[in-house]
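I opened my notebook to look up a few things in this structure. Here is what I was working from.

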Amino acid sequence: MKNLICSLCEVPGPSGFETRIRKLIKSEVESYADEIRTDNLGNLIVRKGKTGPESKRIMIAAHMDEIGFMVTHIDKGGYVRFMPIGGVNASACIGSRVRMLDGLPGLIHAERKLNGDKPLTFENMFIDLGYEDQRDNPVQVGDVAVYDYHPIDLGDRLVSKALDDRIGVAVLVETLRMIKEDDINLSNDIYFVFTVQEEVGLRGAAPAAFGIKPDLGIAVDVTRTGDTPKALRMSVDLGKGPAVKVRDQRLIADPRVVSWMVSVAEKSEIPYQLEVLESGSTDAGVIQLVQTGVPAGCLSIPCRYLHTPSEMVDLRDVKNAVRLMIELLTQPVSLV
Amino acid sequence: MNDTLSLMKTLVSTSGLSGYEDPIREKIRSVWEPLTDEIHVSRMGSLHGLKRGAGAPPRNSILLAAHMDAIGLMVTGVIDGYLRVAEIGGIDARVLSGHAVTVHGRRELKGVIVSPNRNLLPDNLDGKAVPLEYLLVDVGMAPEFVNENVRVGDLISFAQPPVTIGKEFLAGHSLDNRASVAALTGSLSLLKGRQCEWDVWAVATVQEEETFAGAYTSTFELRPSIAIAIDVTHAAGPGVPEHKTTSFGEGPVLGWGPNIHPALYRAILDLAEELEIPHEKEPLPRHSGTDAYAIQVTGAGIATMVVSIPLRYMHTPVEMVSIKDVERCSRLLAEFICSLDGGFMERLAWETES
Amino acid sequence: MRENGTLKIDEGQERLLERLCNASAVSGDETEVRAIVLESVKPFVDEVAVDVMGNVLVKRFGDGKNLMKVMLAAHMDEVGMMVTHDEGKGKFRFDVVGGIPSHILPAKSVWVGRNKIPGIIGAAPIHLTTKVERRKPISMEDLRLDVGPDNGKEVKIGDRVVFSTEFTTQENAIFAKALDDRIGVTILIQLLKNAPVNIDLLAAFTVQEEVGLRGAITAAFELDPDIAIAIDCTPANDQPAWDEGDDRWSENTQYNTRLGKGPAVYVADRGTISDPRLVRHFVNASQENDIPFQFRQPGGGRTDAAAIHKQRSGTPSISISVPARYVHTPLSVCDRLDWENTQKLINFGLVSIPGDILAVEI
């Protein structure tokens, strides 16, 4: 699974420009799908399972897009000015390496900070592509770039850019693979949705849900941990298991969904944590509001250093997330 | 007035934080059952009560939305038997210390919200108000007991009992928005035994304080012809500027602005004048901050109105309303509902002649 | 019955823009502009309806069946104010409706309500202020609307207030209030008049864009198009930096758009990432027809497209706007050529849009 995660992380796909990552995911899952289609906004929708009056329609969503950078201006000196796509961590940008979608590599740095009090903003930053005469660079307003780093294998732990949310994508892909390989019989109709534009405001998931009309929705996304020096307090730790989300900024997880996820985890003896995220949101927050409503929850992968080029997950949490997902999809869904 | 008072006391004493409205919903259901023809629960947990109209089908319908969720706290961590908390809905942390609460863990536990001594807080807070992340809830039990019975995600509601103030005012937590639920219930009571032409959907919505999930989804399901959101609004009182508040105890307040269909406003205003129910106009220049904001733009759009009950000290455990205002609201809505006939929808047409 | 206009701006269009800009239509109270729109479009459309929010929804079908349904949206509302509190003797408190920067409000002349009662948002005379006071920005709390001590009863709480700017021109420069988005409305009316025959054109003259894209939400749900284009008016903040010319590096890097450089094609703003296929198509249309254009700088701000593209199962969308300086203030400035080129670009883009543009994967 490590190889899968690494190849997913390395393909660029900032919000709104998911073509390449969608292509890779499609090639990975095509053979596992009963039906596969791309919707109007670019969401990739894979259906697997049993249709019929007895079966529930379950939507599992992981977003394919990552944070990135969009060019706003080529300045007098030829330096490339940009705005963030999604919630890029500003301080993590300085000195970072990026690559334009068409392949040109470069780095980000900033103007000298004159006013010591004010924090650095993206307006003070620029991308340097290393041309002798910078004005020769072919970049145009509207071009996009992403962080450019290879993943680092630390054994049980993995560091990479875009683990948010390629790790969620990996969980879905791996779940589909195991369903196929172990010939698991699904009694419900499952829609595995690889959504677009989550990072810029959860834009892809609701239109996808509108087309699917699910009975239940679960997002698979990363969540912050509270286990690093003087971190924002958070009851989730790396390595202690996938997290069942209770609430975040846009979602109060349906309590029946939370109970169901917790009881399946306990019955199957899969370690888990309970998560309350005070700032941050996932696709589940918009899925729940679609049409007449969708009971929704979220399975979170604990992840350190979110929205920086070096996010970190524990692969045991990831494997347990896959195990839990399989149990959730194969055990009867009981929402009391 | 005694019936209204006792209903309001019951409603505020039943728990129902945003996202966890089951207890209050079941309470409201028991009260609405004898007043409606059909009752069901939406996918998100909102309560839908139908009073069928007498007009020939296809009948128009009016949706009256009063959100049943209330604000409170949620456990985010357990340390040495003390609980760390986050808010559900918007709360000013400065009013919390010293309040009795109920912790809904494995068992219901009594607790109190406390602000630790300054020496236990970061230095940079000297002279400043203590934010919510540093407050604690103490249930007075040993850490082992707490670890067994309380965990991250458990809910905490206020335990301040409601208290009658003067002759006609009630103070307590959750009057936002249980006062409106009481008003809506009062309307249903007044309509019992009366025939109206239109179908009436009484809806106790969920999650208004957080996501408007109830308002969006119930409207999509029920597709009413018009809708009225019943909520509370800021009444004049100590600590708030006069120009941003309404009168207090002098009648329900009628909203005006882009979130309100002007013809609905006029119809309800005319009726209030005719019935001699005291009222006031509340300018809402942008959004109303109520379920009406979600209802108006659901589907192909719904004509909406906002009728509010003036309330002091909103989002504190000692909110205060006039019981008379609640009853005036009930009467105004009941009479409005009965006045709706086959021709009403034409009044909503924007001018189509140039 | 289609006019074969060359889509140059003529006297009739300019008079229409003047009428629209001088009309009062603050978000939630679009009656006056709605009336002008209805009068203008009725002669040449197939279907017209006003929905419950006040949006004007118009359809002009093309020649043939199963044509692409293209939604074009322009908003009828402008930013303004609402009277909130009567202080007696003709003085009132008010609140802004939409994003008006508060520093623009002091010492302005306004019209109040349907009858356009003249009023003033006053400011203290300089003689009676101190140097210290003048360093602080004037706060909304200190501002009042003054309709004269004897005229208070002409004004009610809830009345809307607009700046009292009259439309005027100077060569190619147009000076008016509410160019955002009466210029979009004017363009949309003209496009309806000269509607292409290869598409079904679904026009939405929306309400309440300035207070949250409210009308566009329900209009999109109702029309359910295949693609959508928002026609708005976007800021040109193209003044020089204070030390430009002195300092080798100093320049305005955040101008959003520049006046005179053509229609602004959006790649992304705060609310929408334009569908790349539509961006490519309109850029090609501009190059093939020799129409200048500029990319609107990716960044803040939203148009109706932000609401439209997320309705139902999603709609590929783009925004194409006319640049104007000083939007959301009493006096905006735009360039007649930019206006004309925006109209031309959208039109050429529409007549040349392939029916299978969405068949290429995004």
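**Entry 1: the model**
I noted at the outset that this is a predicted model.

**Entry 2: domains of chain A**
I looked up how chain A is divided. The domain assignment gives domain 1 (2-66 + 161-330) and domain 2 (68-147). I found their C-alpha centres 31 Å apart. For the contact between them, I noted 11 residues from domain 1 of chain A and 13 residues from domain 2 of chain A. On the domain 1 side, I wrote down five nonpolar, three polar and three charged residues.

**Entry 3: domains of chain B**
Next I turned to chain B, where the assignment gives domain 1 (2-70 + 173-348) and domain 2 (72-158). In chain B, the C-alpha centres of domain 1 and domain 2 lie 33 Å apart. Here 11 residues of domain 1 touch 12 residues of domain 2. The domain 1 side of this contact in chain B has four nonpolar, five polar and two charged residues.

**Entry 4: where chains meet**
I began with chains A and B, whose contact takes 17 residues from chain A and 23 residues from chain B. In chain A, β14 (243-247) and β15 (273-276) each supply at least two residues of that side. By class, the chain A side has eight nonpolar, five polar and four charged residues.

Then I looked at chains C and B. In this contact, 28 residues of chain C meet 20 residues of chain B. Four elements of chain C each give at least two residues to its side: α2 (31-41), β4 (80-88), β5 (91-97) and α5 (214-223). I sorted the chain C side into 11 nonpolar, 10 polar and seven charged residues.

**Entry 5: one residue, A:V11**
Where does A:V11 lie? I found A:V11 in the loop between α1 (2-10) and α2 (19-29) of chain A. Setting aside neighbours within four places in sequence, A:V11 is in contact with A:R20, A:I21 and A:L24. I also checked A:V11 against A:G285: they are 274 residues apart in sequence and 27 Å apart in space, C-alpha to C-alpha.

**Entry 6: two helices of chain C**
I reminded myself that a packed helix pair is described by the angle and the distance between the axes. For α1 (residues 11-22) and α4 (residues 179-193) of chain C, the axes come within 9 Å and cross at roughly 140°. That makes α1(C) oblique to α4(C). Their crossing is right-handed. Among the residues making the contact are C:L16 and C:L20 of α1(C) and C:I183 and C:I189 of α4(C). By class, I noted eight nonpolar, three polar and one charged residues in this contact.

**Entry 7: helix α5 of chain B**
How many residues of α5 (residues 213-222) of chain B are buried? Eight of the 10 are, so this helix is largely enclosed by the rest of the structure. The buried residues of α5(B) include B:A213, B:Y216 and B:L222. I found that the buried residues of α5(B) pack against β2 (47-51), β3 (61-67), β12 (199-205), β13 (226-234) and α7 (291-296) of chain B.

Conventions. Residues numbered from 1 in each chain as written. Chains lettered and ligands numbered in written order. Predicted model: local features only at pLDDT ≥ 70, side-chain atom pairs only at ≥ 80, totals over all residues. Contact = placed C-beta atoms within 7 Å. Nonpolar A, V, L, I, M, F, W, Y, C, P; charged D, E, K, R; others polar. Axes fitted to C-alpha atoms, helices over the stretch in contact; angles between N-to-C directions. Parallel < 35°, antiparallel > 145°, perpendicular 65-115°, else oblique. Left-handed = near helix turned anticlockwise from the far one by under 90°. Domains from an automatic or database assignment. Buried ≥ 20, exposed ≤ 12 C-beta atoms within 10 Å, placed from the backbone.
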